[in-house]
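Dear colleague,

I am passing on to you the structure below, together with some notes on what I found in it. Please look through the sequence and the fold first, and then read on.

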Amino acid sequence: MTDPAAVLEALNDDQRRAATYTGGPLLILAGAGTGKTGTLVARAAWLRGQGVQPSRILLLTFTRRAADDMLARAQPADGNAADRIVGGTFHAIAHRVIRAYSEAFALPAEFSVLDPADSADVMDTLRDSHGLVGTDSGRRTPRAATCAEIYSRCVSTSTALADVLRAGYPWCVPFAGQLAALFTDFIGYKRRHGLVDFDDLLLLWRAALADPAAGPALRGLFDAVLVDEYQDVNAVQADIVRLLRPDGAGLTCVGDDAQAIYAFRGADPAHLRALSGTYADLTVIRLSRNYRSRHAVLRLANVIRPQYDGLELALTAERGHGQRPLLVRCHDEATQAREICARVLAEHEAGTRLCEQAVLVRSANHSDLLELELAGRGIPSVKYGGLRFTEAAHVKDFLAAARIVANPADDLAWFRVLRLHEGIGPVLARRVIDTLQIAGPQPFARWPAAEQELPSRLATTVGATVRQLALAADLPSTAERAAAILAALHEPMGARYADAAIRRADLERLADAAAGSPSLHDALVQLALDPPVSASDLAGRPRLDDDYLVISTVHSAKGLEWPVVHLPQLVDGAVPSDMALTTAAGLEEEQRLFYVAVTRARDRLFLYAPLRMHHHRRGADDRHSYAQLTRFLDAAALAHCELIQAAPPRPVLVPAAPLAASVDRDLASLWGTG
């Protein structure tokens, strides 16, 4: 850790005032690129220097990497446990509390943590019994993933089911009764099988803090609570912060309501705006000096930025004027793709590496035509914001097997591992699980009886897998357990996947990563709470090309920056998304999302808006509609942009006279005079 005095010396006046604040609750309203991370690190270091015991400082973030970075900068690397700040994501700290008091929560010590995809799988196993399968009802019913989304939205926003359905899922209103019964069944299922989902982690931590017996002790663990990205908290997280610091003493929240873009996770910037009502003595310190973007970019950003009473903020540049953002009005999406490629290559020729440029899209499918154009021109690219590594089928197979070893009562994990074997359908898998009585002690000991449910042709292969998992459960180290799980899946994966060798290589990296954890349970929790995007995240990022263009959704780009940023598809219906236009809150979030996209640019910002939107973008027909420039680029915003028109390439024609003569001859032949 740097000396606190040296850390403070590097701050500007507003940052230093925030870092050394000595009063009651504090909100640091930190605009994009204003050094809020360094300020929060400095505040933690300053608190240490003021005599606050490090282990009594709690730092809450939304990503593990952010927590690790801030903790590494705020404390000595060689300090002992008592000399280290407590920090992590809301979910990670909640897991730590629940793990320490698992018996009080009626959970096994090695309980399984379900990721959102796992929760949807559980819903899928239960919804049939509640009349929520379309083939049975004869009408469209909510799919398992939709059921899981509705459940999580109710929990994370503390909103009644009926209100959530009316606001976001009106076509599901007729199924309100079945959904309520399904959710009750879902909760009971998790309790019976030692399962905890992401929402449960927060709910259980909140319940413990609110409990008259346990709450005071848990609150008394910390003298200072620092919360990063407070605009992204949901209702449960806001309650947790309030319960941790009921009177606001020692509370520091950092955030910017204009950068709140995670409503789909239940986040709501209203919680940040409500801090002044919760804490009457709240002090607000603004950070507005931007160290990221040029003045020309910030002039546009300040016009786009949504402002709210009492939280107004305008960014000022510390890096000079720079070039005005360029708006390219394109003939159509194909022209847009060509224009982006041309400017990417021009910037590259001018000395900007491809990896120093990013194309940020509102939705992942908005880059489809661009990706084809990039491939045709030989421009390497990497896309972020798609399927997570842990959502791949073979990875979920490995994680399910590991969960059986850590928590044999995990019904969902048994179901997946059994169904991995060819010839086992859902009915047979359920019969085997019922015979195992996994909710009781030592289910592995009942395998001989469960094996009798299998046809003889399956008993040998499935039995071999289960027996290897049973052996893995008895091994002492995490590394040995991970290797044994990998060995147990060798045969069934070889039979299931044509590219089994490639998939096994992924799993070997996963097993190596798990081996470094204190326990298999810890490894599984870390993968659930902070999943890698790909196998390369576990062991660097080897690539044939050492330079590549970044394509990312705006949501995935939050917190990042590039010298050059390209923003395509800036038309109403895409930005803002037509899916968000049903409510005023949805439109406000889209404006914040555009503001976040603009403020990712350091030096150059290119904006693209196609005029014609083809109905079939990859089809041969020319059916199209005219698109309206995004409403966020109004007259005030356009005043800070340069504007050019880009037409499709014109065909090369022979001189007009020979063409006209050719037409005249053809017509003359029709009249018989040619």
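Please bear in mind that this is a predicted model. I began with Asp256, which sits in the loop that runs between β7 (251–255) and α14 (270–273). Asp256 has a relative accessible area of 1%, and because buried means under 20%, Asp256 is buried. Leaving aside residues up to four places away in sequence, Asp256 touches Leu29, Ala30, Gly31, Ala32, Gln231, Leu272, Arg305 and Tyr595. With one of these, Arg305, there is a polar contact between the two side chains, at 2.8 Å. As for Leu287, it lies 31 residues from Asp256 in sequence, while the C-alpha atoms of the two are 9.9 Å apart in space.

Turning to helix α29, which covers residues 584–598, its 15 residues should span 21 Å at 1.5 Å a residue, and the end C-alpha atoms are 22 Å apart, which agrees. Among the buried residues of α29 are Gly586, Glu589, Leu593, Phe594 and Tyr595, and Tyr595 is also one of the residues that Asp256 touches.

Finally, helix α17 (residues 333–349) packs against helix α18 (residues 368–377) at an angle of about 50 degrees, and their axes are 9 Å apart. The two helices are therefore oblique to each other, and α17 passes α18 in a right-handed crossing. The contact is made on the α17 side by residues including Glu333, Ala337, Cys341 and Leu345, and on the α18 side by residues including Leu370, Leu374 and Arg377.

Conventions:
Residues are numbered from 1 along each chain as its sequence is written. This is a predicted model: local features need pLDDT of at least 70, side-chain atom pairs count only at pLDDT 80 or more; totals for chains, interfaces and linings use all residues. Side-chain values use heavy atoms; hydrogens and water are left out. Helices (H or I, at least four residues) and strands (E, at least two) are DSSP runs, numbered from the N terminus. Buried means under 20% relative accessible area, exposed over 50%, partly exposed in between (1.4 Å probe, protein chains only). Contact means heavy atoms within 4.5 Å. A polar contact is a pair of N or O atoms within 3.5 Å; within protein, one must be able to donate a hydrogen and the other to accept it, and residues adjacent in sequence count only if both atoms are side-chain atoms. The expected span of a helix is 1.5 Å times one less than its number of residues. Axes are lines fitted to C-alpha atoms, for helices over the stretch in contact, and angles run from 0 to 180 degrees between N-to-C directions. Angles under 35 degrees count as roughly parallel, over 145 as roughly antiparallel, 65 to 115 as roughly perpendicular and the rest as oblique. A crossing is left-handed if the near helix is turned anticlockwise from the far one by less than a right angle, and right-handed if clockwise.
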